[in-house]
Amino acid sequence: MEFYYALTTLVGLSLLAQLVFAVLIFVIWVRESDQNQRQEYFLPLSVYLQMSETSACRSAEEKAKTVTLKRDEEFLAQRSTNRLNYLTTVLVFSITVINMFITGFGIKLDPSFKPTVNSS
């Protein structure tokens with residue numbers, strides 16, 4: 001086999017990239033489901049807090065700080081999830097290119113093979 005070491009290395013890289021991809025997809029799924037559950041949890045909690053806020057009469061500045069902090073936290077979580085998503089896109093492209101090289105190096109025509117042409 002002419003390209004044995006190159007093929008072995010490329011197959012190993014492809015398998016490793018596919019494993020990393022699977023782990024990243026699982027992490028993204030967990031993060032997105034966690035964000036959805038958090039939103040479902042915060043909705044009843046926010047209703048309860050609004051009821052308590054009317055009785056406690058918090059200042060407008062404290063309310064603005066709380067809303068800003070919650071928005072910043074959600075933005076940072078979504079931004080990191082988006083970056084992981086972009087990384088998986090790059091990994092899929094890399095896996096495709098590696099598999100193309102594996103296919104290219106793996107094709108070896110038999111010198112004794114003579115294609116036949118059907119003239120009908």
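Helices here are DSSP runs of H or I with at least four residues, and strands are runs of E with at least two. By that rule, the chain has 2 helices and 0 strands. The model is predicted.

**View 1. The whole chain is built from helices α1 and α2.** Helix α1 spans residues 4-56. Helix α2 spans residues 60-106. The chain holds 120 residues, and 12% of them are buried. Its accessible surface comes to about 10,000 Å². Carbon and sulfur atoms account for 66% of that surface. Take the contacts between residues at least 6 apart in sequence: 93% of them join residues at least 24 apart.

**View 2. Two stretches carry a transmembrane annotation.** An unreviewed UniProt entry gives "transmembrane region" for residues 6-30 and 84-107. Residues 6-30 are 100% helix and 0% strand in this model.

**View 3. S14 is buried in helix α1.** S14 has its place in helix α1. Its relative accessible area is 3%. Buried means under 20%, so S14 falls in that class. Leaving aside residues up to four places away in sequence, S14 touches I95, I98, N99 and I102. With N99 there is also a polar contact: the side chains of S14 and N99 are joined at 2.9 Å.

**View 4. T81 is buried in helix α2.** T81 lies in helix α2. Its relative accessibility is 1%, and T81 therefore counts as buried. Which residues does T81 touch, not counting those up to four places away in sequence? They are I28, R31, E32 and Q35.

**View 5. A nonpolar patch lies on the surface.** Five residues are seen here: V23, F26, V27, W29 and V30. Together they have about 490 Å² of accessible area. One of them, F26, lies in helix α1.

**View 6. G106 and A6 are separated by 100 residues in sequence.** How far apart are G106 and A6 in space, C-alpha to C-alpha? The distance is 9.9 Å. G106 has its place in helix α2. Is G106 buried or partly exposed? Its relative accessible area is 40%, so G106 is partly exposed.

Definitions and conventions:
Residues are numbered from 1 along each chain as its sequence is written. This is a predicted model: local features need pLDDT of at least 70, side-chain atom pairs count only at pLDDT 80 or more; totals for chains, interfaces and linings use all residues. Side-chain values use heavy atoms; hydrogens and water are left out. Patches are made of residues with over 30% relative accessible area and no salt bridge: like charges are joined within 9 Å, nonpolar side chains (Val, Leu, Ile, Met, Phe, Trp, Tyr) within 5 Å. Accessible areas come from the Shrake-Rupley method with a 1.4 Å probe; for residues, only the protein chains shown count as cover. A salt bridge is a side-chain nitrogen of Lys or Arg within 4 Å of a carboxyl oxygen of Asp or Glu. Buried means under 20% relative accessible area, exposed over 50%, partly exposed in between (1.4 Å probe, protein chains only). A polar contact is a pair of N or O atoms within 3.5 Å; within protein, one must be able to donate a hydrogen and the other to accept it, and residues adjacent in sequence count only if both atoms are side-chain atoms. Contact means heavy atoms within 4.5 Å. UniProt positions are given in the numbering used here, feature names are shortened, and annotations may be inferred rather than shown by experiment.
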